[in-house]
Amino acid sequence: MMLDLGPFSDEKFDAKRWVNSACQARHPQDSLEKHLVDLEMKLQISSEEIAASLEEQSGGAILRVPRATRDVLRLRDDAVSLRGSVAGILQKLKKAEGSSAECIAALARVDNVKQRMEAAYKTLQDAAGLTQLSSTVEDVFASGDLPRAAETLASMRNCLSAVGEVAEFANVRKQLEVLEDRLDAMVQPRLTDALTYHKVDVAQDLRGILIRIGRFKSLELHYSKVRLKPIKQLWEDFDIKQRASKLASEKDESKRLSTGDEFQSASPQISFASWLPSFYDELLLYLEQEWKWCMVAFPDDYQTLVPKLLIETLGVLGPSFVSRINLATGDAVPETKALAKGVLDVLSGDMPKGIKIQTKHLEALIELHNISGTFARNIQHLFAESEVRVLINTLKAVYSPFESFKQKYGKMERVILSSEIAGVDLRGAVTRGIGAQGIELSETVRRMEESIPQVVVLLEAAVERCISFTGGSEADELILALDDIMVQYISMLQETLKSLRVVCGVDGAGDGIGSKKEGSSEKRDSSRKMDLISNEEEWSIVQGALQILTVADCLTSRSAVFEASLRATLVRLNSSLSISLFGTNLDQNLSHLTSDQTSGDLSMAGRASLDVSAVRLIDVPEKARKLLNLLEQSKDPRFHALPLASQRVSAFADTVNELVYDVLISKVRQRLGDVSHMPIWSAAEEQTAFPLPTFSSYPQSYVTSVGEYLLTLPQQLEPLAEGISNNSDANNEDAQFFATEWMFKVAEGATALYMEQLRGIQHASDRGAQQLSVDIEYLSNVLSALSMPIPPVLATFQTCLATSREQLKDLMRSEAANQLDLPTANLVCKMRRVSFD
């Protein structure tokens, strides 16, 4: 058996465990004593071998120690010698470095002197050359050689740059500017001729001359000046046609008057909206031709020259363009057309009273804007090779005539919507007469409900107009206008509700939440008014009042859907407008675009920067930041695009609930108005010859009328619930809950009114108590039939009134009194003159 000595080296070696393990590993046929003896012998032999090995190795180690000591001493001596040698070398290097630095410094001084001498020599040469050029420049101009003159002037400018600010050459500098102006003036007639007759070679030579003297700006201005004339003629063609049409109309009118022909019609005038597309088409064709010609004549400059031409053109035509747009919008409406006025004139307030901006005005303006938008897209395609900055400036020029209108868009939209909302007829013409209240109520409610989708359509149209005209850049002004208009509309609905309270006979308040209590005189007046109304008319009023709930529900749901749609529109605008394009600096906004992205196909950021709203907002960073903050807030689900309108919608729903409750409870209030003063409660017992009961075993008419009304109420709520359900399971549940809620609300109100009357009874005789107990029991049965719990106060009234005066004392002293409402029980005892002395 071999021994494994590995476990003996473990720090956690357990001798007992090792011995037990060795015993378990013995052969089954070997005895334990023999196995232990063999194990002990093997351990002893192993220990002796280990001891012998250690002794041999320690002896060898002792012999090697002196030799290692001698090697260490030798290495130390070598290190000391090496350190001395290195120190000597370092000292020699320091001496060499000092002498080299002195030599280099001397060479640097010599080189500086040489450079100054060369600079002085060059300056003297330039001064001599400048003097020579100044003396020969007149000869060059006299020869008429413009390229040589340009070269001479360029050399003079280079010499002046080299000489610097020297007082002796100040006159030469002024003379140079005069000569450059003179050369520029000499180039202009030739350049005009070359541009007019499309002489490519001559135009290229003249361009080189202007660039040589640093007058490229003169080339741009002169090119725009020459090319602008045909465009102005195209623009003036509209006025010529208008005058011709006017003359033709006058001739036709005079001819009609002279011949007496009443059917001869005058020639119609050409509208600006029908003429503008043809102008844009001819202008686009002209620019395409110029683009192609400039690509050949000015291959390095055509990407800026032609866009610059369009910008200059629209700048010159700008005031006239705005005036024509203004008149064209006015032509859309007869009133302003007759006055030859437009939108800007109406907004200025200098107009006859009653003339306001209408939807047709804004639609005509949007039509003109769309025509310009089509032209802008064509220009964007034509100038696609130009840089994004150039394209943006060009598109800004195209849309610039509409800027004054866009700045006043919020005011225009507010006036239009306010006028449209004011024209909504919520009452209509209803013939008043006996029994006409229900008809008027039903008609008014119908008009109110129908007006809600009409108003929402008007608001949605306003959103579409904002996107079409401003691209969403006036979304902040639109939201303010929409909020104000919704508040105006809801105020109209609130005023209509006030008038409906009179129609419903609940003018004055009821017993609902937030309502006032009627005095006795008001109750009697209300009672007399209700007596004049037939039962059929009464239920007609109830049905009409219940229909008002659908108005509130429709307004709440439609306004919520519209606000959600508006919020989604704002989110889409936020995603379409890149925030990087709306900084305070356009160069910073577009600095991330590479040269490859600014020519040919535009990058995504480049295309976003050419959006109509982005082009406009780049110049108004404060407005851009304000708009972006609003659009960013629209991502929050808690964001209310129309905060004031949302509050007014909620308030309107509360007002409707109060009105409906007052209408539904009015009949109960009328029937229970004088219950506490009924003489039967204090009536004494009648003396008869026989002991017959003197009280009626049937409930009185006032309570049966209330009970029948409450039992009929579910039938009145059923048509309204069916209108809500719309054959949907989910809506069916909502409708059922709606009907049950209102039924319980009216029943609770009726019970509260009844208990209030019961508390007002001053004295109840035995006969009165018994009759009142029967009445209360009847009402309790009605409440049970409606699945309503009986209020403890009403149950206490019924129990105490049904108990005789003699037994009432015992009842109040018994344990059963704990189940009663004690204040109510004491009140009944007081009514019945029961004392506990």
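**Disulfides and cysteines.** I began with disulfides, taking as one any pair of cysteine sulfur atoms within 2.5 Å, and my search of the whole structure returned 0 of them. The model is a predicted one, in which I read local features only at pLDDT of at least 70 and side-chain atom pairs only at pLDDT 80 or more, while totals for chains, interfaces and linings use all residues. I number residues from 1 along each chain as its sequence is written, and my side-chain values use heavy atoms, with hydrogens and water left out. For accessibility I call a residue buried under 20% relative accessible area, exposed over 50%, and partly exposed in between (1.4 Å probe, protein chains only).

**Helix 1.** Helices here are DSSP runs of H or I with at least four residues, and strands are runs of E with at least two, numbered from the N terminus. In helix 1, which covers residues 15–24, I found Trp-18, Ala-22 and Cys-23 buried. These residues lie on the same side of helix 1, because they cover an arc of only 135° around the axis, the arc being that of the directions from the helix axis to the C-beta atoms. On the other side of helix 1 I noted Lys-16, Arg-17 and Gln-24 as exposed. At the N-terminal end of helix 1 I found Asp-14 as the cap, with a side-chain oxygen 3.3 Å from the backbone nitrogen of Lys-16.

**Ser-274.** I located Ser-274 in helix 7, residues 272–297, where it is partly exposed with a relative accessible area of 48%. I count a polar contact as a pair of N or O atoms within 3.5 Å; within protein, one must be able to donate a hydrogen and the other to accept it, and residues adjacent in sequence count only if both atoms are side-chain atoms. The side chain of Ser-274 makes such a contact with the backbone oxygen of Ser-271 at 2.8 Å. I also noted that Leu-368, 94 residues away along the chain, has its C-alpha atom 9.4 Å from that of Ser-274.

**Salt bridges.** My rule asks for a side-chain nitrogen of Lys or Arg within 4 Å of a carboxyl oxygen of Asp or Glu, and by it I count 25 salt bridges. One of the pairs I looked up is Arg-227 with Glu-290, at 2.5 Å from N to O. Arg-227 sits in helix 6 (residues 216–259) and Glu-290 in helix 7, so this pair ties together parts that are 63 residues apart in sequence. Arg-227 is buried with a relative accessible area of 3%, and Glu-290 is buried with 4%.

I next looked up Arg-447 and Asp-425, whose closest N and O atoms are 3.3 Å apart in a salt bridge. This pair links distant parts of the chain, with Arg-447 in helix 15 (residues 437–470) and Asp-425 in the loop between helix 14 (409–422) and helix 15, 22 residues apart. Arg-447 is partly exposed at 24% relative accessible area, and Asp-425 is partly exposed at 42%.

In helix 16, residues 475–503, I found Lys-498 and Glu-495 lying 3 residues apart, about one turn of the helix, and their side chains meet in a salt bridge of 3.6 Å, N to O. An α-helix has 3.6 residues a turn, so residues three or four places apart point the same way. I recorded Lys-498 as exposed, with a relative accessible area of 52%.

**Positive phi.** I noted Ala-340, not a glycine, with a positive phi of about 55°. Ala-340 lies in the loop between helix 9 (334–339) and helix 10 (343–348) and is partly exposed, with a relative accessible area of 47%. I noted Arg-833 too, again not a glycine, with a positive phi of about 60°. Arg-833 is in the segment after helix 29 (822–831) and is partly exposed at 48% relative accessible area.
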